[in-house]
Amino acid sequence: MHAPERADEVTAAHRAFLLPELAALLPVGRGPDRTVLDLGCGSGRLTADLAALAGRAIGVDPVPEMLALAPAAPGVEYRLLEDAGGPLPVGDGEVDVVFTCLVLGGIQDT
């Protein structure tokens, strides 16, 4: 199996398992204005799904080339994490939930 096919398979599995779990955990009473931070969003494979689920999603990644591959979608915004040791590029109280998936696999030894 080629890498893109495997990535699509993994993404489909995450959609099937993780998104319903996240939906059950989202804060109630805020209406459709909830915001999910997709930390380490990469090319945004799940960011639009998160926005559809919560109302809004902010995808954050330290690799500009990955963000350049991320598709535009309603309720989605992508931001660059410019300093991996610095603060996240979101304001206080801007997000309700932080979602991260498969991020540790992309960290290289330095």
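In what order do the elements of the chain run from the N terminus on?

**View 1. Order of helices and strands in the predicted model.** In this predicted model, the elements run α-β-α-β-α-β-β from the N terminus on, and the chain thus laid out holds three helices and four strands. Among contacts between residues at least 6 apart in sequence, 49% join residues that are at least 24 apart.

**View 2. The largest nonpolar core.** The largest nonpolar core comprises 13 residues, and those with the most contacts inside it are L22, L26, V36, L50, V97 and F99. Two or more residues of this core come from each of α1 (3-25), α2 (47-54) and β4 (97-99), with α2 giving the most, namely three residues.

**View 3. The surroundings of L50.** When residues up to four places away in sequence are not counted, L50 touches L19, L22, V36, D38, G55, R56, A57 and F99. Of these neighbours, L22, V36 and F99 are, like L50 itself, listed among the residues with the most contacts inside the largest nonpolar core.

**View 4. Burial and accessible surface.** Of the 110 residues of the chain, 28% count as buried. The accessible surface of the chain comes to about 6900 Å², and carbon and sulfur atoms account for 59% of that area.

**View 5. Confidence along the chain.** The mean pLDDT of the chain is 84, and 83% of the residues reach 70 or more. Confidence is lowest in α1, where the mean is 78, whereas strand β3 (residues 76-80) has the highest value, at 97.

Conventions:
Residues are numbered from 1 along each chain as its sequence is written. This is a predicted model: local features need pLDDT of at least 70, side-chain atom pairs count only at pLDDT 80 or more; totals for chains, interfaces and linings use all residues. Side-chain values use heavy atoms; hydrogens and water are left out. Buried means under 20% relative accessible area, exposed over 50%, partly exposed in between (1.4 Å probe, protein chains only). Contact means heavy atoms within 4.5 Å. Accessible areas come from the Shrake-Rupley method with a 1.4 Å probe; for residues, only the protein chains shown count as cover. A nonpolar core is a set of buried Ala, Val, Leu, Ile, Met, Phe, Trp, Tyr and Cys residues joined through side-chain atoms within 4.5 Å. pLDDT is the predictor's confidence in each residue, from 0 to 100.
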